[in-house]
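Student: I'd like to learn how to read salt bridges in a model. Can you walk me through it?

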Amino acid sequence: MFTHYYWKNKLYKLSNRDYLCDYSKIKSKKIDMTLSGRYLASYPNIQIPISEFDKYPLLTNIKELEELIKTKTLTKDEIIIGSGANGLLQNIIKILFKSKGNLITSFYSFDQAEYAVTSFDGLTKRVYTNNYNLDLNNVIKSIDKKTKMIYICNPNNPTGKFINSKNLIELSRKIKIPLVVDESGIEFTGKKGILELTKKLPKNLLILRSFSKAYGLANLRIGYLVCSKEFKEIYLKNITTNEYSGISCLIAKNILNSSEKYMKQNINQIIKEKVKMVNRLEEMGIYVVESYSNTIFTKTIFDNKFMKKLEKNNISVVPIYDRNNNLHIRIAIQDRDTNSMFIKKLNEIMKNKELILGKEEDEVIFNENIFSN
């Protein structure tokens, strides 16, 4: 996310960045706009007996959470609990990239998949977007004999763009390699995720979901994977079940058994704050990509001095560079007071018009569309 890409062709840039580029290393400032797991509603009443604290994750707790998720999602496939969607993603890559190979993902996307592939001496093909939308035709064209996996974040992080879930199911049926779709923020979209459209997944389609975003359990590191029985058998042969906390399983189970009003209140408050944020940014001349998630990505390009101005004003955001290494930023929606402080400080900074360089003109690559709209 912070470094330049070193090779490109018409469809994608080839990249091998590692965890040193991870934006989690950004120092948290007083006005921290990097945190995408904020919970703005009131948590339901959760009580965990202290007698649970000295136990390792119990198989019964894991199984109970798995079965509850199956009941809630109505899926006929298997559930695997993990240390957040990211922890599960890391493990999938451990399994699939033992003999190197390449990963295909969007140019703008959650970078943890690339970092993990790099650690196995693999490369990542970052497929260009068309006006920030991922072209699934170009994804297919980028596949070669060394491609081990396709990773698509939906809604996307950082742009907030959403791909019709039907198109992703169709994509999985057109290819033979594993397609991992990360639906960590699906609850914010108001759209149907893949699990709402099919109760039985194609065997090469794996779905990641998280308790970190809409459920507000980011610090507990708990998420789940929906996959075929065959893949679950492979996963359990290669990955320990002690990677996550049994306490996290108990709390996640409590959250799922609580009324959905808590989650919906959180989503509604975040969306309300997001609308206000977008309006304030555009009043300042900062344009953003239409977002279906709890984050905002700027179309506006900034001078590199802009980041120093933010730091001086005790603000942290996520810097993101486009294909020409122009600076954009990702803003995660926070509580009302933090958002207000951010807008106030940003408005003062933006009086210096030289900090804005313009908007990215995204190159459109025309292809015959084999997917429905």
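Tutor: Let's go through some charged pairs here, one by one. Keep in mind that this is a predicted model.

Student: Fine. What is the general idea behind such pairs?

Tutor: Side chains of opposite charge can pair when their charged atoms come close. The cut-off we use is a Lys or Arg side-chain nitrogen within 4 Å of an Asp or Glu carboxyl oxygen.

Student: How many salt bridges does this rule give?

Tutor: The count comes to 22.

Student: Let's take arginine 17. Which residue does arginine 17 form a salt bridge with?

Tutor: Its partner is aspartate 111, with 3.2 Å between the closest N and O atoms. Now check where each one sits: arginine 17 is in the loop between β2 (12-15) and β3 (31-32), while aspartate 111 is in the loop between β5 (102-106) and α3 (112-119). The two are 94 residues apart in sequence, so their pairing ties those parts together.

Student: Are arginine 17 and aspartate 111 buried or exposed?

Tutor: Both arginine 17 and aspartate 111 are buried.

Student: And lysine 29, what does its side chain meet in a salt bridge?

Tutor: Glutamate 311, at 3.9 Å from N to O. Here too, distant parts of the chain are linked: lysine 29 belongs to the loop between β2 and β3, and glutamate 311 to helix α10 (residues 305-312), 282 residues apart.

Student: How do I read burial for that pair?

Tutor: Compare each relative accessible area with the cut-offs: under 20% is buried, over 50% is exposed, and in between is partly exposed. Lysine 29 has 19%, so it's buried. Glutamate 311 has 48%, so it's partly exposed.

Student: Which residue pairs with aspartate 144?

Tutor: Lysine 125 does, and the closest N and O atoms are 2.7 Å apart. Aspartate 144 lies in the loop between α4 (136-141) and β9 (147-153), and lysine 125 in strand β6 (residues 123-127), 19 residues away in the chain. Aspartate 144 is partly exposed at 35% relative accessible area, whereas lysine 125 is buried at 4%.

Student: Which residues do salt bridges with shared partners join into one network?

Tutor: Arg17, Asp111, Glu114 and Arg126. So when you meet a pair, look for shared partners too.

Student: Last one: where is leucine 20, and is leucine 20 buried or exposed?

Tutor: Leucine 20 is in the loop between β2 and β3. Its relative accessible area is 70%, so leucine 20 is exposed. Its C-alpha atom is separated by 32 Å from that of lysine 176, which is 156 residues away along the chain.

Terms used: Residues numbered from 1 in each chain as written. Predicted model: local features only at pLDDT ≥ 70, side-chain atom pairs only at ≥ 80, totals over all residues. Heavy atoms only, no water. Helix = DSSP H or I, 4+ residues; strand = E, 2+ residues; numbered from the N terminus. Buried < 20%, exposed > 50% of the residue type's maximum accessible area, 1.4 Å probe, protein only.
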